[in-house]
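Subject: Structure handover

Hi,

Here is the structure I promised to pass on to you.

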Amino acid sequence: MLQQYFIELGEGFGDVYELVELIKTNQKRLHRTFIFSSNTKSGQAISLAAVFHPAQDSNFMPIYICREGIIQKDDKKSKRRLLFENASEEVGQEPIFIELKHSSEFADHRLFYQYITGILRLNHLVPPLQ
């Protein structure tokens with residue numbers, strides 16, 4: 001059965017560079033990239049994510065995410081977001097922008113990730129459970 005799991009990276013520059021490197025070195029496996037946004041008191045909390053096809057005969061579809069580490073107060077994009085968008089576009093993907101509830105609205109991060117997975121499946125952005 002094909003399952004999607006989130007692998008959480010950190011929130012800093014180094015973590016975004018790691019995500020960008022994963023995109024570039026695994027571009028043949030890249031399924032889609034996403035920019036998730038949540039409204040907060042201090043602005044929009046931005047999460048960057050990349051979904052990869054399973055490796056070889058595996059049923060594991062990883063979703064790497066830098067969760068809510070970028071706060072955007074206006075329309076000006078941060079350097080980390082631009083770095084991610086450029087890397088996605090270099091490998092032929094335009095990141096899909098989705099507005100979500102903030103992870104603080106969930107009792108546990110696992111529930112937050114189930115919420116995102118449900119949204120992605122309902123909108124046919126990742127394959128359904130098979």
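Predicted model: local features only at pLDDT ≥ 70, side-chain atom pairs only at ≥ 80, totals over all residues.

Residues are numbered from 1 along each chain as its sequence is written, and side-chain values use heavy atoms, with hydrogens and water left out.

**The annotated span**

UniProt lists residues 3-126 as "domain: DUF7147", in an unreviewed entry. Helices (H or I, at least four residues) and strands (E, at least two) are DSSP runs, numbered from the N terminus.

**Helix α2**

The expected span is 1.5 Å times one less than the number of residues. Buried in α2 are Arg80, Arg81, Phe84, Glu85, Ala87 and Ser88. These residues sit on the same side of α2, because they cover an arc of only 165° around the axis; the arc is that of the directions from the helix axis to the C-beta atoms. Lys79 and Glu90, on the other side of α2, are exposed. As for cut-offs, buried is under 20% relative accessible area, exposed is over 50%, and partly exposed is in between (1.4 Å probe, protein chains only).

What covers the buried residues of α2? The cover includes α1 (13-25) and the strands β2 (30-40), β3 (43-52), β4 (60-72) and β5 (96-99). Just after α2, Gly92 has a positive phi of about 90°.

**Helix α3**

The 14 residues of α3 reach 20 Å from the first C-alpha to the last, close to the 20 Å expected at 1.5 Å a residue. Phe112, Tyr113, Ile116, Thr117 and Leu120 are buried in α3. Down the helix axis these buried residues fall within an arc of 135°, so they line one face of α3. Gln114 and Leu122 are exposed on the other side of α3. The buried residues of α3 pack against β1 (3-9), β2, β4 and β5. Just after α3, His124 takes a positive phi, here of about 55°.

**Aromatic rings**

How many aromatic pairs does the structure hold? There are nine aromatic pairs. Rings of Phe, Tyr and Trp (its six-membered ring) pair if their centres lie within 6.5 Å, with planes under 30 degrees apart counted as stacked, over 60 as edge-to-face and the rest as tilted. The Phe112 and Tyr113 rings have centres 5.5 Å apart and planes at 50°, so this pair is tilted. The Phe112 and Tyr115 rings also make a tilted pair, because their planes are at 35°, with centres 6.4 Å apart. Phe112 and Tyr115 are three residues apart in α3 (residues 109-122), and therefore separated by about one helical turn. Phe112 is buried at 1% relative accessibility, Tyr113 is buried at 10%, and Tyr115 is partly exposed at 23%. One aromatic cluster is formed by Phe6, Phe106, Phe112, Tyr113 and Tyr115.

**The loop between β5 and α3**

Leu100 lies in the loop between β5 and α3 and is buried, with a relative accessible area of 10%. Beyond its neighbours within four places in sequence, Leu100 is in contact (heavy atoms within 4.5 Å) with Phe36, Ser37, Ser38, Phe112, Tyr115, Ile116 and Ile119.

His102 is also placed in the loop between β5 and α3, and it is buried at 16% relative accessible area. The side chains of His102 and Ser104 are joined by a polar contact of 2.9 Å. A polar contact is a pair of N or O atoms within 3.5 Å; within protein, one must be able to donate a hydrogen and the other to accept it, and residues adjacent in sequence count only if both atoms are side-chain atoms.

**Ser47**

Ser47 is in strand β3 and is buried at 3% relative accessibility. A polar atom of the Ser47 side chain lies 2.8 Å from the backbone nitrogen of Glu68.

Best wishes

Terms used:
UniProt positions renumbered as here; feature names shortened; annotations may be inferred.
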